[in-house]
Structure formats: C-alpha cells, structure tokens
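Here are my notes on the model you sent over.

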Amino acid sequence: MADIIIVGAGPAGLSAAIYARRAGMDTVCYEAMAYGGQIINTPEVENYPAIAHISGFDFAQSLYDQATAFGATVVFDRVTSIGGDAEHGFTVSLESNATATCKAVILAVGAANRHMGIPREDELIGKGISYCATCDGSFYKGRRVAVYGGGNTAVEDAIYLAAMASHVYLIHRRNEFRAEDALLKACRALPNLELITPYVITALEGSPKLTSMVLENRENGSTERLEADGLFVAIGQEPKTADFRDTVKLSGGYVEAGEDCRTDVRGIFAAGDGRTKKVRQLTTACADGAVAALAAIDFIRLG
Ligand code: NAP
C-alpha cells in the first residue's frame with residue numbers, strides 16, 4: 001500500500017509529490033494524459049515569483065524532473081474511481097483495470113478546455129480548430145487566424161499568434177475583457193491584431209477544413225462572415241471531476257475544499273484548479289500542492 005496517491009501530474013500534483021517525497025512518503029502520481037497539466041499550453045510564464053521568464057513546457061518539465069528526482073513515481077493511467085475509507089485505506093481503480101491502494105489521496109485533477117458547443121466543432125478539431133496556440137500556432141504562419149475568448153489565455157494566445165500569423169482576430173462576447181490590463185495593452189499595440197467585440201461565433205464553415213465562421217453581434221443581433229484558416233478557442237476551463245462526483249462533495253463541478261485542501265471525506269484532499277477557490281494561477285496550484293501534501297502527511301502520521 002502506498003502512503004499517498006496523487007491523481008494528476010500537473011503543477012498541483014507534482015508540487016504535492018515533491019512535498020510528500022521529501023517527508024519520506026511512498027508516493028505514486030497517476031496521470032491520464034501528459035504531465036504538466038494546462039501550463040504546457042502557455043507560451044510564456046512571467047508571473048511565477050523568482051522566475052522572470054519560462055515557457056510553460058519548460059516549467060512542467062522542470063517540475064516533473066524535480067518530483068521524480070525526489071523519488072516520486074509517475075504512472076500514466078487514468079484513475080476512474082476511488083473506494084474505501086480513511087480507516088481501512090483507499091482503493092483506486094484505473095483505466096487499465098489495475099487497482100492500487102493507499103492511506104491518503106490527493107485529487108489534483110485540474111481542468112480541461114471548455115468547448116464552444118456549436119455544430120461541427122468536434123469535426124473540425126485539428127482541421128482549423130485548436131485549443132492550444134503553443135502546440136498548433138506554427139501551422140498558421142502567414143495565414144489568418146481567430147482567437148475566441150476574453151481572458152488571459154485568449155489575449156496571450158492572440159499576442160503569441162500575431163508573431164507568426166498574417167492577421168489575428170480576437171473575438172470576444174463582451175466589450176470588456178477579463179484579461180489583465182498589461183496584456184490588453186500589448187495586444188492593442190500590435191498592428192496585425194484586431195479586436196472583434198461583442199460577438200459570439202454561431203457557425204463554422206468549410207470542408208474538410210475550416211475556412212470561415214459566422215459571427216453574431218450580441219448588441220444588435222446582426223450576423224457577418226469572417227474568413228480565417230484557424231480558430232483558437234480559449235473560453236476557459238471545466239474541472240475534470242466527473243469520475244469523483246460520487247466520492248467527494250462537488251460544488252459547481254469543483255471539489256469542495258477550503259484553503260486547507262480538505263474535502264468532506266477524511267483522508268482525501270484536493271489541490272489546484274479542480275478545487276473550489278477564487279484564484280486559479282500557477283502559483284496557487286503549486287501552493288495547493290504543498291498544503292494538500294502536508295495535510296495528507298499529518299493525516300497519515302496523526303490520524
Ligand atoms: P477565463 O479567465 O475563465 O476566461 C474565459 C473567457 O472566455 C472569458 O472572457 C469568457 O467571457 C469567455 N467565455 C466563457 N465561456 C464562453 C462561451 N461559452 N462562449 C464564448 N465565450 C466564453 O479563462 P482563461 O483565460 O483560460 O484563464 C483561466 C485562469 O487562468 C484565469 O484565472 C486566468 O487569470 C489564469 N491565467 C493566467 C495567466 C497568466 O497569469 N499569465 C495566463 C493564462 C491563464 P466573459 O468574460 O464574458 O465571461
């Protein structure tokens with residue numbers, strides 16, 4: 001039986017693994033996709049204290065190397081359910097049909113990109129539609145692309161893409177943006193970046209690849225066609241908690257836990273973007289990992 005099983009190898013999960021291993025805990029981290037979580041999609045991180053500039057990918061790699069150097073085991077398998085309890089230990093079931101047991105669990109499940117939910121979206125993924133500018137931006141060198149969303153991710157993506165695309169349209173459903181002022185200022189200074197507000201995308205056109213989309217003005221209901229070869233969707237995330245809704249209490253889809261990272265189930269802790277919280281940043285995900293690991297260690301040692 002492991003001491004701690006961590007579900008998810010993003011910044012929260014890997015930070016938890018570092019703290020758990022440094023306390024001598026037998027620690028296994030299960031990851032369904034690739035380690036690093038969503039930060040791997042961020043071209044440039046410049047608000048992590050003491051690191052002036054680093055790519056999201058390099059940050060993730062460094063964190064993974066640090067956790068595994070301390071002896072954390074990262075297994076690529078999806079946790080499908082959690083059974084058991086604090087008294088007898090927990091049993092984690094995996095997509096591979098294997099099971100694993102442990103004394104405490106940290107849910108560091110993170111969140112996934114929200115989809116637009118409009119017709120043909122799934123069909124055009126990889127054929128013009130992308131959710132990751134860093135991964136796919138280079139396919140659109142010298143071409144026209146659109147970015148959808150008004151948060152930090154969308155504005156950062158638009159700035160990143162403007163360096164390679166001939167023209168970038170940043171489409172957002174409101175005239176006000178959620179993104180930080182500094183990012184918006186940088187965005188407005190770019191000659192090949194055009195803000196299109198307040199518009200929503202109502203239809204996707206082109207076959208087999210995206211060639212244009214229909215936009216609807218949210219103030220007067222008028223529609224227009226916008227031609228673009230690529231559409232980068234950056235309209236937020238949704239927590240990846242569906243498999244655990246019968247295990248721990250959720251609130252709005254997020255695992256309900258306070259700043260102490262304790263869920264309603266003794267021995268199960270939650271860390272990172274999948275937890276109920278106000279600020280979802282790289283720094284707060286890592287901080288959560290530390291808090292959850294220390295709480296899990298206390299639970300194992302002191303009950
Ligand atoms: P976000 O802040 O939740 O913004 C999502 C954007 O998409 C909002 O502008 C929202 O519009 C729009 N939107 C949501 N659902 C939509 C829909 N169905 N159709 C059309 N538009 C929709 O998401 P995010 O930009 O991915 O950022 C997530 C978190 O990570 C935030 O806390 C952000 O600050 C953080 N982050 C930080 C950095 C950084 O610090 N460098 C970089 C990236 C992300 P409304 O505004 O109208 O709701």
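1. Start with Lys277. Leaving out residues up to four places away in sequence, Lys277 touches Gly272, Thr284, Ala285 and Asp288, a contact being heavy atoms within 4.5 Å. Lys277 sits in the loop between strand S19 (268–270) and helix H6 (282–302). Helices and strands here are DSSP runs numbered from the N terminus, with at least four residues (H or I) for a helix and at least two (E) for a strand. Is Lys277 buried or exposed? Lys277 counts as buried because its relative accessibility is 14%; buried means under 20% relative accessible area, exposed means over 50%, and partly exposed is in between, using a 1.4 Å probe and protein chains only.

2. A word on what you are looking at. This is a predicted model, where local features need pLDDT of at least 70 and side-chain atom pairs count only at pLDDT 80 or more, while totals for chains, interfaces and linings use all residues. Residues are numbered from 1 along each chain as its sequence is written, and side-chain values use heavy atoms, with hydrogens and water left out.

3. Back to Lys277 and its charged partners. Lys277 belongs to a network of salt bridges that also links Glu259, Arg275 and Asp288. A salt bridge here is a side-chain nitrogen of Lys or Arg within 4 Å of a carboxyl oxygen of Asp or Glu. The structure holds 15 salt bridges.

4. Which residue pairs with Glu238? The partner is Arg114, with the closest N and O atoms 3.1 Å apart. This pair links distant parts of the chain, 124 residues apart: Glu238 is in strand S16 (residues 237–239), and Arg114 is in the loop between strand S7 (111–113) and strand S8 (129–130). Glu238 counts as partly exposed because its relative accessibility is 42%. Arg114 is also classed as partly exposed, at 31%.

5. Glu95 and Arg78 make another salt bridge, and their closest N and O atoms are 3.1 Å apart. Here the two residues are 17 apart, with Glu95 in the loop between strand S5 (89–94) and strand S6 (99–107), and Arg78 in the loop between strand S3 (73–76) and strand S4 (79–85). Arg78 has 30% relative accessibility, so Arg78 counts as partly exposed.

6. Glu256 is partly exposed, with a relative accessible area of 32%, and Lys249 is partly exposed at 44%.

7. Now the backbone, beginning with the cis peptide bonds. One joins Thr197 and Pro198, with omega about -15°. Pro198 is placed in the loop between strand S11 (193–196) and strand S12 (199–205). The bond from Ser207 to Pro208 is cis as well, with omega near 5°, and Pro208 lies in the loop between S12 and strand S13 (212–217).

8. Two residues to check for phi. Ala50 is not a glycine, yet has a positive phi of about 75°. You will find Ala50 in the loop between strand S2 (27–31) and helix H2 (56–69), and Ala50 counts as exposed because its relative accessibility is 88%. Arg120, not a glycine either, has a positive phi of about 75°. Arg120 lies in the loop between S7 and S8 and is partly exposed, with a relative accessible area of 27%.

9. Finally, the whole chain. The protein chain has six helices and 19 strands, and its C-alpha atoms fill a box of roughly 60 × 40 × 30 Å along the principal axes. For 303 residues, a compact globule would have a radius of gyration near 19 Å, and the 21 Å of this chain agrees with that; the radius is taken over C-alpha atoms, and the globule rule is 2.2 Å times the number of residues to the power 0.38. Buried residues make up 49% of the 303. Of the contacts between residues at least 6 apart in sequence, 59% join residues at least 24 apart.
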